[in-house]
Amino acid sequence: MTNTEDSLPSAGTATTDAAADQAEKVSSELYDLIGLQGKATNTGPGVSECSDKDAEKYFTVFHPWTFTPKNPDELTGVMERLKEEMPKHGWMIVSYGPNTSKNRSVTLVADNDRKKYSVEITHWANEDPPKLNLFVTSGCYQVPDGQKVERF
């Protein structure tokens, strides 16, 4: 999943609305895995093209959102816990560690081959308040015959 967009796996056939619903479901499952009380931003999924494929028939769904805990101190250790817990729920950890930002924020990238989704989670520890930024993205969907990709 995390390879170049040219090699995105097929996520099957779905309407853009059904695929967006699936992205929200995956995000909800990740919210549950975070396991803390807090607030998630209310951003909806978006639709993008699959590289080198007919943009009228093929698409990928992405869902960016941010989680801010009720108690910022509770984020201490959450990335390590996610690294341990996510594989028990079908996620394979692809990379984990500090990113290249000035703050060297801890970033976790994981793929769920069964669901054909990938997620990048970054712990913004130096933000006020500290938070997690999640970017969920799907494999490449194809719309059913006779339909076109809806953009939103």
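Contact, as used throughout this report, means heavy atoms within 4.5 Å.

## About the model

This is a predicted model, in which local features need pLDDT of at least 70 and side-chain atom pairs count only at pLDDT 80 or more, while totals for chains, interfaces and linings use all residues. Residues are numbered from 1 along each chain as its sequence is written, and side-chain values use heavy atoms, with hydrogens and water left out.

Helices (H or I, at least four residues) and strands (E, at least two) are DSSP runs, numbered from the N terminus. For accessibility, buried means under 20% relative accessible area, exposed means over 50%, and partly exposed is in between (1.4 Å probe, protein chains only).

Let's start with Val-143, which sits in the segment after S9. Val-143 is buried, at 3% relative accessibility. What does Val-143 contact, leaving aside its neighbours within four places in sequence? Its partners are Thr-13, Ala-14, Glu-56, Lys-57, Phe-59, Lys-148 and Val-149.

## The nonpolar core

Met-86 also leads us into the core. A nonpolar core here is a set of buried Ala, Val, Leu, Ile, Met, Phe, Trp, Tyr and Cys residues joined through side-chain atoms within 4.5 Å. The largest one has 31 residues, and Leu-30 and Met-86 touch the most other members. At least two residues of this core come from each of H1, S4, helix H2 (78-85), S6, S7 and strand S8 (131-138). H1 gives the most, with six residues.

Leu-30 is worth a click in your viewer. Setting aside neighbours within four places in sequence, Leu-30 is in contact with Trp-65, Met-86, Trp-91, Val-119, Leu-134 and Val-136. As background, nonpolar side chains tend to be buried together in soluble globular proteins.

## The disulfide

How many disulfides does a search of the whole structure find? There is one (a disulfide being a pair of cysteine sulfur atoms within 2.5 Å). This bond joins Cys-50 to Cys-140, with an S to S distance of 2.1 Å. Cys-50 lies in the loop between strand S3 (46-48) and strand S4 (58-69) and Cys-140 lies in strand S9 (residues 140-142), so the link ties together parts that are 90 residues apart in sequence.

The torsion about the S-S bond is about 125°, so this disulfide is right-handed. Cys-50 is buried, with a relative accessible area of 3%, and Cys-140 is buried too, at 6%.

## Salt bridges

A salt bridge is counted when a side-chain nitrogen of Lys or Arg is within 4 Å of a carboxyl oxygen of Asp or Glu. The whole structure holds two of them. In one, Glu-29 pairs with Lys-115, with the closest N and O atoms 2.2 Å apart. Because Glu-29 lies in helix H1 (residues 16-34) and Lys-115 in the loop between strand S6 (106-112) and strand S7 (117-124), this pair ties together parts that are 86 residues apart in sequence. Glu-29 is partly exposed, at 27% relative accessible area, whereas Lys-115 counts as buried, at 18%.

In the other, the side chains of Glu-85 and Lys-88 meet at 3.1 Å, N to O. Here Glu-85 is partly exposed, with 25% relative accessibility, and Lys-88 is exposed, with 61%.

## A buried aspartate

Asp-111 belongs to strand S6, and its side chain makes a polar contact of 2.9 Å with that of Ser-118. A polar contact is a pair of N or O atoms within 3.5 Å; within protein, one must be able to donate a hydrogen and the other to accept it, and residues adjacent in sequence count only if both atoms are side-chain atoms.

## Backbone points to check

Lys-116 has a positive phi of about 60° although it is not a glycine. This lysine is in the loop between S6 and S7 and is partly exposed, at 27% relative accessibility. Asp-52, also not a glycine, has a positive phi of about 60°; Asp-52 lies in the loop between S3 and S4 and is exposed, at 71% relative accessible area.

Finally, the peptide bond from Asp-128 to Pro-129 is cis, with omega near 5°. Pro-129 is found in the loop between S7 and S8.
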